[in-house]
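Here is a short report for a reader new to this structure. Look through the sequence and the model first, then read on.

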Amino acid sequence: MFADPTSGNCYKVALILHLTGRDTQVVRTSVVEGHTQDPRFRALNPDGRVPFLQFPDGRGMGESNALLLALARGTAYRPDAPADEDEVLEWLFFEQYSFEPNIAVARVWRHFTGVPEGQEEGLRAKMANGAHALKVLDQALETRQFLAGRRFTVADIALYAYAHLAGEGGFDLNDVPAVLAWMDRVAGQPGFLDMPALFSNAPTVNFDDALAA
Ligand SMILES: N[C@@H](CCC(=O)N[C@@H](CS)C(=O)NCC(=O)O)C(=O)O
């Protein structure tokens with residue numbers, strides 16, 4: 001898997017691979033060092049983003065939440081009762097439209113790159129929209145242990161990825177106590193590994209070496 005170990009989207013995929021007992025080699029792909037712009041990578045994934053997983057049959061696939069569903073197929077992490085599956089899908093789409101684009105980008109700007117010139121207003125909008133998305137999550141978690149199907153699923157993995165990094169974007173998680181309590185439940189799941197542990201344990205290959213092979 002091509003993955004940047006600082007990316008919540010990559011963490012989602014590394015975590016479901018780990019929880020479902022699959023070994024995967026991580027090709028260390030640094031967004032800030034421009035690896036995702038590399039023409040050799042773009043030849044594999046024209047979208048130029050990580051995570052990007054290559055299956056043994058040669059198929060390549062991106063999009064973290066699509067990968068969560070694909071890799072959890074046939075396991076308890078992807079419920080198949082229609083009402084539960086619908087809930088999972090609702091949260092996965094919410095994550096990609098309302099949650100990640102605000103929280104992840106605010107985190108990149110505030111924690112890694114600095115706010116790009118002219119984006120001060122953009123940052124304000126991301127902070128407001130991200131805080132709103134966290135409140136939506138918090139409200140849902142006031143009345144349930146897990147997001148969908150009354151058990152731990154890929155919906156929890158998808159939302160956890162950037163909820164647990166939101167502090168690095170300047171969001172105050174003390175404003176969302178039900179989210180804090182749920183994050184503890186997620187971290188208490190059998191087999192759970194946090195982001196640094198997951199990426200430091202995974203067999204790793206250097207980006208240039210992988211593409212030269
Ligand atoms: N919708 C995609 C978003 C992936 C994404 O934006 N990945 C970032 C890292 S978190 C990336 O590769 N950015 C590279 C770039 O913008 O050049 C997913 O969920 O996988």
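From the N terminus on, the elements of the protein follow the order β-α-β-α-β-β-α-α-α-α-α-α-β-α. That gives 9 helices and 5 strands. Helices (H or I, at least four residues) and strands (E, at least two) are DSSP runs, numbered from the N terminus.

This is a predicted model: local features need pLDDT of at least 70, side-chain atom pairs count only at pLDDT 80 or more, and totals for chains, interfaces and linings use all residues. Residues are numbered from 1 along each chain as its sequence is written, and side-chain values use heavy atoms, with hydrogens and water left out.

**Overall build**

Along the principal axes, the C-alpha trace spans about 50 × 45 × 30 Å.

Of the 213 residues, 47% are buried. Buried means under 20% relative accessible area, exposed over 50%, and partly exposed in between (1.4 Å probe, protein chains only). Take contacts between residues at least 6 apart in sequence: 71% of them join residues at least 24 apart. Contact means heavy atoms within 4.5 Å.

The UniProt record, an unreviewed entry, places "domain: GST N-terminal" at residues 1–79. Such annotations may be inferred rather than shown by experiment; their positions are given in the numbering used here, with feature names shortened. Over residues 1–79 the chain is 34% helix and 14% strand. The end C-alpha atoms of this stretch are 25 Å apart.

**Helix α6**

How many residues of α6 are buried? The count is 10 of 10, so α6 is largely enclosed by the rest of the structure. Among the buried residues are Val154, Asp156, Leu159 and Tyr162. Their cover includes α1 (8–19), α3 (64–72), α4 (82–113), α5 (120–141) and α7.

Aspartate 86 sits in helix α4. At 49% relative accessibility, aspartate 86 counts as partly exposed. Its C-alpha atom is separated by 8.6 Å from that of alanine 148, 62 residues apart along the chain.

**Aromatic rings**

Rings of Phe, Tyr and Trp (its six-membered ring) pair if their centres lie within 6.5 Å; planes under 30 degrees apart count as stacked, over 60 as edge-to-face and the rest as tilted. By this rule the count comes to 12 aromatic pairs. Two of them are set out here.

| Pair | Centre to centre | Angle between planes | Class |
|---|---|---|---|
| Phenylalanine 94 and phenylalanine 99 | 6.2 Å | 45° | tilted |
| Tyrosine 160 and tryptophan 182 | 6.3 Å | 65° | edge-to-face |

The second pair links distant parts of the chain: tyrosine 160 is in helix α6 (residues 154–163) and tryptophan 182 in helix α7 (residues 177–187), 22 residues apart. Tyrosine 160 is buried at 7% relative accessible area, and tryptophan 182 is buried at 0%. In the other pair, phenylalanine 94 is buried at 17% and phenylalanine 99 is buried at 0%.

Which residues form one aromatic cluster? They are Phe2, Phe41, Phe52 and Phe207.

A charge also meets a ring. Arginine 59 lies over the face of phenylalanine 55, 4.3 Å from the ring centre. The rule asks for NZ of Lys or CZ of Arg within 6 Å of the ring centre and within 35 degrees of the ring normal.
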